Amino acid sequence: MQILMIPEIGHYALVIAMLMAAVQGVLPLAGAATRRPLWMAYARPMAAGQLLFVAIAYACLTASYMLDDFSVTNVANNSNSMLPWYYKLSAVWGNHEGSVLLWSLLLAAWGYFASRFSRELPRDMVARVLGVLGLVGTGFLAFVLVTSNPFERLLPNVPGDGADLNPLLQDIGLIMHPPMLYMGYVGFSVVFAFAIAALLGGRLDAAWARWARPWTNLAWAFLTVGIALGSWWAYYELGWGGWWFWDPVENASLLPWLTGTALMHSLAVTEKRGAFKSWTLLLAIFTFSLSLLGTFLVRSGVLTSVHAFANDPSRGQFILMLLGITVGLSLLVFALRAPRVGHKVGFTWLSRDALLLINNILLVIMTITVLMGTVYPLLLDALDLGKISVGPPYFNALFVPLTLLLALFMGLGQVARWKQTPVSLLVSRLWLAAVGAVVLGAALPLLFAERWSPAVAIGLIAALWIVLPMLRDLFEKARNASSVGAGLKKLSLAYWGMQLGHLGVAVTIVGVAVVSNYSIEQNVRMAPGDSVEVAGYTFTMNELSSRQGANFLADRANISVQHGDSSRSFAMNPEKRLYLATRMPMSQVALRPGFLRDLYVAMGEDLGDGSWALRVQYKPFVRWLWLGGLLMAFGGVLAVADKRYRRLATARDPEARAAPAPGREASA
Amino acid sequence: MTLSLTPKRKQRLFVILGLVALAAIAVGLTLYALRSNINLFFSPVQIAAGDAPFERQIRAGGMVKEGTVARDPESLDVAFVVTDYVDDLEVRYSGILPDLFREGQGVVVVGELQSEGWLRADQVLARHDENYMPPEVAQALEDAGYSPEDYQAKAAEVGERMEAQQQGASQ
């Protein structure tokens, strides 16, 4: 009896969670405006309660999946009794309703942690941050309840079995990709709340930036891992060997990443130098708004892809409304309350401040170009001006040169000092790195490949130009200390985090440059006994067989691969699967991964007469793409662990204390 | 009132000028890149009417006509006919067709229209639509003065029949 009621319990829990979020959104904000400690004190318990009840709802939906309760529409549409248990667990978020529920759960979790790790913050600041998070939470939970209730029942005609999870989503990549991505998207809501709280409270000083920085880094790190996982998943799951398609859905995740990257750097200037304050706030607002825009694009059904689950226009309208309210209200608050004092701190054109400004401008331009390419076709379609699509050449033509420009300034930034840097210092520290980068970058491609490619050389030069000044800087810092070990030990975790993050960018640039230019792809027709040579590897098809999996039938090719004249060979077994419940075919790729190259074989189609079309690929340095992403994310997390952020933030800017007049808060 | 340029004002002026210049370059490059990389969509009825440009990349789409998929026995060359049940378009492609490619299903091809009237595809995208007929094609039929519902019904009928055949064959 209790088992039967699980979905209803989940539904009620969700309603309670929304009410708690609403209280969290209204009372503390009102309390902060009218200086009532009792009202402000509602913030923390409500954040905890909201998390508890969303977690109960989420657990109930998971239970319905695990118990194969096909009377729940959501379970019936996306699960099947034959589905292995771990895919049932991940199928919860492999559909629209479940994924917005996961989103709400993570939002509540971030809110709860923000309430836990804010002991040293002033009471009104905590109240405002949690209040804003409560409002965002209310909006999302209302969205779930009104348009996307995952607990809807299919009564009285309960299907005997479910329609099964999309086979493309039955994979480890999907188990991890959406939660990571959502952690990033949703994490920016905390930074957003910090920005709005700063605007409402008029407090925008170094201490504020120091509170906001760890949250930004964490959210950004999760988003980075999420994007890298998505790229990795597309690489081996879609059977093409592509790792980035400039698909609107991918772009949707890249947009907040770009502004988030800009935000991290702008926050650094705000903390260290007290400059770029308004700009930092704007970036925080835009980063979260772009996260919401991404959600709108993916969830509204305006895009057709594996990510777009359902075409329900009311959902799109609801998210668009949420987006409009969020952007409109926060920009209004910004317009009314943005710090009016211009920064008193000057800097020259050769300084870290200026280089970070350029970094920000470049990242924003990248954001705009990607945004235009993504939204332009949708706008034209909405205005009935024709159906067009914008292809990868557009994005590559703009994104690649901008990235190179960014790399150029990253190299300079390693050496430049705050406020002012003498030209002689830049030249003396960088000339060797410049020469080294050009010589090595131009020569290295000759070692790997027979063909020298200018694009690869430029990519390597850019990467070396980032890495060599970094090494030089480490060397300088170690040399000035009593011993090398002591010198390196003295460096802060924040410093190591920054260097790792930049190293990650360089590694990714190398990966992109090499894999884009030195990959070899051959589509071949093969029957048992045939062999083909790709990049020095001989692929021989031994036999074709078929096998039965848990919920699919598969045609399987047994291929042995030999490198050069070596006598050793290894086997690769690509499959073409037919999933029984959905009758959807899918290619299971055979991969031979390696640090310097991947071998990739995918079965295309049965050509009849016993032969198959096979896609055989040689992918040098492809792993570096994701390795770079992981390094970047690790760098971001490392910087959060810096002891500077754990120190009680008691010292505040004298300038900021004078700025907010107590009476102004009530009028806002 | 004289406009005195203190060093600070000067710096601000340069920031603004720099921003404007960068933004102008960015917008110019973006528009240029957009213009040369936009692929317009045409359905067979539009192509038959001569609306589509030759030797420029376009997207075309419709249903794969039943019984028209012909593989070359030696290579990976394939030819098939895409139809919106008013007009037909011959498509030639070399490579591996996507998993969801079937006769009677919706398909979008990217490639260049040849002066002989067939299309050389660089890319074939298959997708499963509940209505079988891609929405762009229905729109094009409506614009050309046909009633899309009739053709959609026809497409659905053929699609369902072909699917049933497929399942029968694989069981």
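Predicted model: local features only at pLDDT ≥ 70, side-chain atom pairs only at ≥ 80, totals over all residues.
Me: How many residues of domain 1 and domain 3 of chain A take part in their contact?

Reply: Contact is judged by C-beta atoms within 7 Å. Domain 1 of chain A gives 6 residues, and domain 3 of chain A gives 5. On the domain 1 side, 4 residues are nonpolar, 1 is polar and 1 is charged.

Me: Now the two chains. How many residues of chain A are in contact with chain B?

Reply: Count each side on its own. Chain A has 30 residues in contact with 26 residues of chain B.

Me: Which elements of chain A give two or more residues to that side?

Reply: Among them are the helices α13 (352-382) and α14 (392-415). The strands include β1 (388-390), β2 (520-526) and β10 (597-606). The largest share comes from α13(A), with 6 residues.

Me: How do the residues on this side of chain A divide by class?

Reply: Sort them as nonpolar, polar or charged. The side of chain A that touches chain B has 16 nonpolar, 9 polar and 5 charged residues.

Me: Which strand of chain B is joined to β1(A)?

Reply: Look for bridges between strands. β1(A) is joined by 3 bridges to strand β1 of chain B, residues 38-42. The two strands run antiparallel.

Me: Which residue stands opposite Ile388(A)?

Reply: Find Leu40(B) in β1(B). Leu40(B) stands opposite Ile388(A).

Conventions
Residues numbered from 1 in each chain as written. Chains lettered and ligands numbered in written order. Contact = placed C-beta atoms within 7 Å. Nonpolar A, V, L, I, M, F, W, Y, C, P; charged D, E, K, R; others polar. Helix = DSSP H or I, 4+ residues; strand = E, 2+ residues; numbered from the N terminus. Pairing = 2+ DSSP bridges.
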